[in-house]
Each structure stands twice: as C-alpha cells, then as structure tokens.
Amino acid sequence: MSELPAIPMTGSGRIDDEHTQLYAHFQTISQYIHENTDNEDAISVALTNLISDLRAHFEHEEDVMRKAAYAGMSKHQSDHLKILNEVQLMIMNWRQGKDNKKLAHEIEEHLPQWLHEHILKRDIQLVQNIT
C-alpha cells in the first residue's frame, strides 16, 4: 500500500479522532488485501466496520451542523451522501466479484484522497465556523 497522506487536522478532537479511525480502516483493509492468504471474511468484516464508522462520523458531523445552524450544511451533507453511496456500491461490487485489485484502488487511493480533500474543503471550514 502506498503511504496515506497526512491527515489534516480540523481542531475538533472528536472529528479528528474519527478521521484517524477511518484512515485506520483503509490501512487494515489494504493489509488484508495484500496478504497472501484466503481472508475474504476478514475483508468483509473490515468493510462492514468501515461503512459503520463512516455513517457514524457523518451523523456526528451533521448533528453538529444542525445544532449550530451551519449555513454550509446542504453542500456538506451532499458530499456525505455521495461518498456513502459510492462506498456502499464499492462494498456490494466487491462482495459479488471479490475483485481485490479494484478494491485496493478504492481503499488505497480514491477514498483516502476523497477524505483528505473533504477535510480540507468542508470539515476545516465547518469547525472554523462553529467554534
């Protein structure tokens, strides 16, 4: 797996901790993919954990936005929904075809890049506007 970019910090401890956990999921899944063992069950469980934590993270951020009456909530939520749908589709496709090469691309490149850009574009702005 290529080295993940440094995780941008928002200044919100809980949000930053959640981002760190999501990056840890990417690393775990990548490790499972590249092991030379039959570990489809481990990958499946790790993907379930990823989607669960991703949903919880988005729910947390959206709760923060609602409570703060954050003006940028609509665009932020739209980003969340789009990537959540992409991740759900990625998981469904992997479970149907077990294409580890395609999954590796998503887990090692697409999702970390999306999260990195999302933090820089949306989450830092969110934290700055509610603190």
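Good morning. Glu86, Leu89, Met90, Asn93, Trp94, Asp99, Lys102, Leu103 and Glu106 line the largest pocket of this structure. Two elements each give two or more residues to that lining, namely helix H3, residues 73-97, and helix H4, residues 100-130. Please keep in mind throughout that the model is predicted.

Let me stay with the pocket for a moment. Its volume is about 160 Å³. Which element gives the most to the lining of the largest pocket? That element is H3, with five residues. Sorted by class, the lining of this pocket holds four nonpolar residues, four charged residues and one polar residue.

Rolling a probe the size of a water molecule over the atoms shows where empty space is left. How many cavities of 30 Å³ or more does a search of the whole structure find? The search finds one. The largest cavity has a volume of about 50 Å³. Helix H1, residues 13-34, together with H2, H3 and H4, are the elements that give two or more residues to its lining.

The residues around the largest cavity are Leu22, Phe26, Leu50, Leu54, Ile83, Val87, Leu111, Trp114 and Leu115. H4 gives the most here, with three residues. What classes do the lining residues of the largest cavity fall into? Nine are nonpolar, while none is polar and none is charged.

My last topic is the backbone, at two positions in loops. As background, most residues other than glycine have a negative phi. Alanine 69 is not a glycine, yet its phi is positive, at about 50°. Where does alanine 69 lie? This residue sits in the loop between helix H2, residues 40-68, and H3. Its relative accessibility is 66%, and because exposed means over 50%, alanine 69 counts as exposed.

Lysine 98 also has a positive phi, near 50°, and is likewise a residue other than glycine. The loop that holds lysine 98 runs between H3 and H4. Is lysine 98 buried, partly exposed or exposed? Its relative accessibility is 33%, so lysine 98 counts as partly exposed; the class covers values between the 20% limit for buried and the 50% limit for exposed.

Thank you for your attention.

Notes
Residues numbered from 1 in each chain as written. Predicted model: local features only at pLDDT ≥ 70, side-chain atom pairs only at ≥ 80, totals over all residues. Heavy atoms only, no water. 1 Å grid on protein atoms, 1.4 Å probe; cavity = no way out; pocket = protein on both sides within 12 Å on 5 of 7 lines; lining within 4 Å. Points joined across faces, edges and corners; volume = space filled by probe spheres on them. Helix = DSSP H or I, 4+ residues; strand = E, 2+ residues; numbered from the N terminus. Nonpolar A, V, L, I, M, F, W, Y, C, P; charged D, E, K, R; others polar. Buried < 20%, exposed > 50% of the residue type's maximum accessible area, 1.4 Å probe, protein only.
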